[in-house]
Amino acid sequence: MKIFGIGIDIIEIKRIKNMNIFFRNKLAKKILSKNEFKKYLLLKNCIKFLIKRFSVKEACVKALGTGIIKNLSFKNFEIYNNKLGKPKIKFLKKNLNFYKKKNIKKSHISISHEKKYFCAIVILES
């Protein structure tokens, strides 16, 4: 397999916290899929969940080389954890064809954070 694309994103945690306070759940609704939003509402530390998803999704669209476009929005794919806790990307049915056209076979995600920042990197293989 070969690398299709690499994307990286870094977020200032305070900025997203402030946006979430100002916009309430509008930011989460814009970023999260239906399943992710349900989980978000149940969590005590929902802002950390939101920041993780936002950062990984930003890195993913950078790895795809598309950014957010008409046929691909943050709500059309999910970040989940496999049995070992490793984060993975799942494109929902609406965008499955887009993903297949790009011939993406595998994704690798790494996330890290400190007190002020959160960072994610995504590597897509074809």
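Is Lys-62 buried, partly exposed or exposed? Lys-62 is partly exposed, with a relative accessible area of 41%. The model described here is predicted. A search of the whole structure finds three salt bridges and zero disulfides.

**Salt bridge between Asp-9 and Lys-62**

- Side chains of opposite charge can pair when their charged atoms come close.
- Asp-9 and Lys-62 form a salt bridge, and their closest N and O atoms are 3.2 Å apart.
- This pair connects distant parts of the chain, since Asp-9 belongs to strand β1 (residues 3-12) and Lys-62 to helix α4 (residues 46-64), 53 residues apart.
- Asp-9 has a relative accessibility of 10%, which is under the 20% limit, so Asp-9 counts as buried.
- Lys-62, at 41%, lies between the 20% and 50% limits and is therefore partly exposed.

**Salt bridges around Glu-36**

- A network of salt bridges links Glu-36, Arg-53 and Lys-57.
- Glu-36 meets Arg-53 in a salt bridge with an N to O distance of 3.5 Å.
- Arg-53 lies in helix α4 and Glu-36 in helix α3 (residues 34-42), so this pair ties together parts that are 17 residues apart in sequence.
- Arg-53 is buried, with a relative accessible area of 7%.
- Glu-36 is buried too, at 2% relative accessibility.
- Glu-36 also forms a salt bridge with Lys-57, at 2.6 Å from N to O.
- That pair links helix α3, which holds Glu-36, to helix α4, which holds Lys-57, across 21 residues.
- Both Glu-36 and Lys-57 are buried.

**Cysteines**

- Cys-60 is buried, with a relative accessible area of 0%.

**Strands β4 and β5**

- Strand β4 covers residues 106-113 and strand β5 covers residues 117-125.
- The two strands run antiparallel and are joined by eight bridges.
- β4 and β5 form a hairpin, with three residues between them.
- Lys-106 stands opposite Glu-125, which is in β5.
- In a regular strand the side chains alternate between the two faces of the sheet.

Definitions and conventions: Residues are numbered from 1 along each chain as its sequence is written. This is a predicted model: local features need pLDDT of at least 70, side-chain atom pairs count only at pLDDT 80 or more; totals for chains, interfaces and linings use all residues. Side-chain values use heavy atoms; hydrogens and water are left out. A disulfide is a pair of cysteine sulfur atoms within 2.5 Å. Buried means under 20% relative accessible area, exposed over 50%, partly exposed in between (1.4 Å probe, protein chains only). Two strands pair if DSSP finds at least two bridges between them. Helices (H or I, at least four residues) and strands (E, at least two) are DSSP runs, numbered from the N terminus. A salt bridge is a side-chain nitrogen of Lys or Arg within 4 Å of a carboxyl oxygen of Asp or Glu.
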